[in-house]
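Welcome! Have a look at the sequence and the model, then read on.

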Amino acid sequence: ITGPHGSAKSTTSKMIRALLDPNTAPARSLFRNEQDLAVSAESNWVMVFDNLSGLRPAVSDALARVSTGGGFAARKLYT
């Protein structure tokens, strides 16, 4: 969802999320690293990020991997 300042982008996104994937945090800040993105994508149907003025190429690539079903692997801690 894109548009000029004041065009209800955040409100529309929050309404869509409320219908499809109710959550106590309808809009979040951008993730810090790809692991945070993977956790968020795994546990949510809709991800809404608020107040983004632009995306770095690495962030754009990470979101593209999520949207196309790309995987994320992390090492399991030894127990």
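Helices (H or I, at least four residues) and strands (E, at least two) are DSSP runs, numbered from the N terminus. This is a predicted model, in which local features need pLDDT of at least 70 and side-chain atom pairs count only at pLDDT 80 or more, while totals for chains, interfaces and linings use all residues. Residues are numbered from 1 along each chain as its sequence is written, and side-chain values use heavy atoms, leaving out hydrogens and water.

**The chain as a whole**

- The C-alpha trace spans about 50 × 30 × 20 Å along its principal axes.
- Of the 79 residues in the chain, 14% are buried; buried means under 20% relative accessible area, exposed over 50%, and partly exposed in between (1.4 Å probe, protein chains only).
- Take the contacts (heavy atoms within 4.5 Å) between residues at least 6 apart in sequence: 41% of them join residues at least 24 apart.

- Ser13 sits in helix H1, which covers residues 9–20.
- Ser13 has a relative accessible area of 16%, so it counts as buried.
- A polar atom of the Ser13 side chain lies 2.9 Å from the backbone oxygen of Lys9.
- Leaving out residues up to four places away in sequence, Ser13 touches Ile1 and Val48.

**Ala25, between H1 and H2**

- You will find Ala25 in the loop that lies between H1 and helix H2 (34–43).
- Ala25 is partly exposed because its relative accessibility is 27%.

**Asn44, between H2 and H3**

- Asn44 belongs to the loop between H2 and helix H3 (57–67).
- With a relative accessibility of 10%, Asn44 counts as buried.
- The side chains of Asn44 and Arg17 make a polar contact at 2.8 Å. Such a contact is a pair of N or O atoms within 3.5 Å; within protein, one must be able to donate a hydrogen and the other to accept it, and residues adjacent in sequence count only if both atoms are side-chain atoms.
- A polar atom of the Asn44 side chain also lies 2.8 Å from the backbone oxygen of Ser40.
- Setting aside neighbours within four places in sequence, Asn44 is in contact with Arg17, Asp21, Asn23 and Arg28.
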